[in-house]
Amino acid sequence: MIARVLNFFFVGLAALSCLALYRVSEHTRVANMELSSVNRQIIQEKSTMNVLQAEWQRVANPGRIQKLAQSYLGMDDAPVMELSSFEMLPRRGENPLDSNPVQNASITMPSGNANLHFVVANRN
Amino acid sequence: MAAKPPTTIQRRIVVAAGICVLAFTIIGLRLVDLALLKGGPANVGVIAQNSTVVRADIVDRNGRLLARDLPVYDLYARPQDFWNKADAARGLSQATGADETRLARAFAGKHNYVLVASQITPETRDKVMHLGLPGMEFQPSTKRFYPEGDASQVIGMTQAVSGGHGIAGIEKGLNAQLAAGKQARLSLDMRVQYALLHSLEATREKYSAKSAGGIVLNVNTGEILAMASQQDPKRADYNPLRNIMAADDYELGSVFKIFAFALALEDHRITFDTTFPVGSGFKIGKFTIHDAEHMPAVMAAKDILAESSNAGTAQIALLSGPDRQRAWLQSLGLLSSVRAEIPERARPLYPSNWGQVETATIGFGHGISVTPLAFATAAATIVNGGRRIQPTFLKQDGDRRGDQVLKPETSLKMRELLRYVVTNGTGKLADIPGYDVGGKTGSAQKNQHGRYIEHKLLTSFCAVFPVDNPRYLVFVMLDEPHGESAVMALAGHTAAPLAGDVIAHIAPMLEMPTSAAVPIPGKGNS
C-alpha cells in the first residue's frame, strides 16, 4: 500500500517537475531571445552613435566652420587677444582702475598684425 | 506474527523509488539553484560584447575624435539568382557607384560570387536593400575613418584593408596598442593644430614658398600640441602626408645661434655686453665669414644675437672650441635622432671632422642638419630652466622635465636675450602685445650640390612665450619664401610674423594670461 502511494506521489512529482522544468526552460529561452535582441540593438545603437560622432566631428571641423562663417556670415579671421586676465580684475572693494598705469594704458600694434581687431571699453 | 521479508520485486521497487527520489531531489535542487540563486555557468545579466576587437580610437587631448573604425560592408552577389542580370548591374551601379560595365561583364561570367563593391557604408547598404534583388550578401567589415585631415601627417594611416596595420604616423607607432583595442589620447590640441595649419597655409601662399611647417611644444612636458607640414601642391614631389618636421633634416641657419650663445653664457665666456669686431667680417683660415647685411664695426654680444651677425657668432662659438661645442650639442640631443611615438625620424647630419671652421659655421647653424623637431626639443631645454625633455605625442600630466643640461641662471639669461631679439632685433614682427614673446630668426641659404644659393632661403623662427616663465615654444619654417625684395624674404619679414600670427591665435585658446613686459637686458643683467 505504502509503495503504491509512494509510486503515485513520485509519478505526480515527476510530472510536476517536468512541467516546472519546461516552464523555466521556456522562460529562459524567451529571456535569452530578448537579451540577444536587446544586445543586437545595443550594438546597433552603439555603431550608429560611433558613426554619428565621427560625422559630427567632420562637420564641426574648424576649417569647415570658418569657410561657412566667411561665406554665409561675412565673418573674417580675427584672432582674439586677451588684454586682461581674471587675476587683474578688481576685487570687491578695490578700485584699481583709478591707478595711473591703467588709465594711461595703451597698446601698440605690431605692423605685421594689422588685421587684429580690438574692442576697447572706456571704463573711466 | 513475524513480518514477512520483502520479496525481490518489492526490494527492487524500493531501490527504484530511492533512485527516483534521489534524481528528483537533484533536479529540484538544481531548479532552486537556477530559479532563486541564479547559479550555473550562464550568467544572464552579462551583456554580450562584440567578440571581435576593433582597432581603438585616436583622440586629441580634449577627447576630440581623430581616428575611428566604422562599420562598412563588402557586397557580394550571386549572379545566378538574378532574374535580369543587366537590370541588376544597372541598379547596383546606381546604388554603390560601381562600374556598370564591369558588373554586367562579371554577372555574365561563370563566377558564383562577384564582388560588387567593398567597404560600402550602412547608408549604401540600405540603398542596395531597397533594390530588392535576390542573391545579395553583405560581409561586415570595418574602415578606418579620419574625420579631420588637419593632423594627417602626425596621425598617419592604416592599410586600406579591414583591420589593416598602421603604416605611418601614430597609427604605425602605436599599432600594438591600437590593435589591442586600447584608445590613444594624443597631446595634440586640434584647435591649436588648425590655427597652426591655417597660418602656415596663408603664409606659404603669401610668400609662394615651396613648403611650410610648424611645431607647438610644451616646454615643460614635451607634449607636442601641434605639428603641421604644408607643401605647394604644384611641386613635382608633392606629398601631403610627408611630415617634414620630423622626417627631414634641414640646415636651419641662425636659429641655431641660440645654442652657441647658451654655451658661451653657461661657461661664462661672454656677458651680454662683451664686444666683438664684426663690421669687416671674420677671417678663419682661408675663409672669411661675412654678414648678409651691413653691421657696425664692433657689437655687443646681445646685439650680435639680436641682429643675427654670423661673424660675431662665429667668434663666440670659437670661444667654446670644437670639443666643448660637440659635447654640448650632444647633451642637447642634437647629434642623435629624436625618438617620439611616430616612426618618422631622421638622423642628424654633421661633419665627421669637427675642426675650427666647422665650429664657427655650426655656431651660426651651417654645416649641421637636424630635424625641426630635434631643434625645437633642444631649444625647449634652453628656455625651460635648462632641463632635458622628451618630445611626446601622448597627453601627459605634470612637469616631465628631466636631467639638468644647463644652469637655470643660463636659461634665464637666454630668455632675456630672446626677448631682446624680439624687442630690439630681427624678431620684432613676432611680438604680440601682452604675451611677452621671445625668439630668434633664422634665414639659411640652401645648400644645393655643395653650394649655398644666395636667394634660396630657408627661413624660420623659434618663439617662446611668455618669456619670463615659458610654457610653449612655437617653431615655424618656410622653404624658399619669395618677398618683394631679397630683404623682405628674410626670416624677420616672413617667419617672424608667421610665428606671431600663430601665437596671437593660439594663446587665448591655451588660456595664457597676459602679463607686463619683461625687462630688456642691459647693463647689470649679464
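Start with a pair of strands in chain B: β8 (residues 211-218) and β16 (residues 472-479) run antiparallel and are joined by eight bridges. Strands here are DSSP E runs of at least two residues, helices are H or I runs of at least four, and both are numbered from the N terminus. Within this pair, Gly213(B) sits opposite Met477(B) of β16(B). A word on the ground rules: this is a predicted model, where local features need pLDDT of at least 70, side-chain atom pairs count only at pLDDT 80 or more, and totals for chains, interfaces and linings use all residues. Residues are numbered from 1 along each chain as its sequence is written, while chains are lettered from A and ligands numbered from 1 in the order in which they are written.

Now widen the view to the sheet. Five strands of chain B make up an open, antiparallel sheet, in the order β9-β8-β16-β15-β14; two strands count as paired if DSSP finds at least two bridges between them. The edges belong to β9 (224-231) and β14 (438-448) of chain B, each with a single partner strand, so one side of each has no neighbour in the sheet. On average, neighbouring strands of this sheet are turned by 15° against each other, direction ignored. Helix α8 (residues 190-206) of chain B packs on the sheet and touches β8, β9 and β16 of chain B, with its direction at about 25° to that of β9(B). Contact here is for residues whose C-beta atoms, placed from the backbone, lie within 7 Å. As for the angles, they run from 0 to 180 degrees between N-to-C directions, with axes fitted as lines to C-alpha atoms, for helices over the stretch in contact.

Most residues other than glycine have a negative phi, and most peptide bonds are trans. Ser208(B), in the loop between α8 and β8 of chain B, is not a glycine and yet has a positive phi of about 50°. Then there's the cis peptide bond between Phe465(B) and Pro466(B), with omega about -15°; Pro466(B) is in the loop between β15 (451-465) and β16 of chain B.

On to helix pairs. The axes of α10 (residues 257-266) and α16 (residues 408-424) of chain B come within 9 Å and cross at roughly 135°. That makes α10(B) oblique to α16(B), given that angles under 35 degrees count as roughly parallel, over 145 as roughly antiparallel, 65 to 115 as roughly perpendicular and the rest as oblique. From α10(B) the contact takes Ile258(B), Phe261(B), Ala262(B), Leu265(B) and Glu266(B), and from α16(B) it takes Thr410(B), Lys413(B), Met414(B) and Leu417(B). By class, that's six nonpolar, one polar and two charged residues. The classes put Ala, Val, Leu, Ile, Met, Phe, Trp, Tyr, Cys and Pro as nonpolar, Asp, Glu, Lys and Arg as charged, and the others, Gly among them, as polar.

Helix α2 (residues 85-96) of chain B packs with α4 (residues 122-131) of chain B at about 155°, axes 9 Å apart, and the two are therefore roughly antiparallel. Here Gly91(B), Leu92(B), Ala95(B) and Thr96(B) of α2(B) meet Thr124(B), Lys127(B), Val128(B) and Leu131(B) of α4(B). Four of these residues are nonpolar, three polar and one charged. α2(B) also packs with α3 (residues 100-108) of chain B, at about 145° and with the axes 9 Å apart. Among the residues in that contact are Ala89(B) and Leu92(B) of α2(B), and Leu103(B) and Phe107(B) of α3(B). The classes come out at eight nonpolar, one polar and three charged.

Finally, step back to the domains. Chain B is assigned domain 1 (54-68 + 146-186), domain 2 (76-80 + 95-138) and domain 3 (192-509), with bounds that come from an automatic or database domain assignment. Taken over C-alpha atoms, the centres of domains 1 and 3 of chain B are 31 Å apart. Where they touch, 14 residues of domain 1 of chain B contact 15 of domain 3 of chain B. On the domain 1 side, the elements giving two or more residues are α5 (152-155) and α6 (169-173) of chain B, and α6(B) gives the most, with four. That side divides into six nonpolar, four polar and four charged residues.

Definitions and conventions. Two residues are in contact if their C-beta atoms, placed from the backbone, lie within 7 Å.
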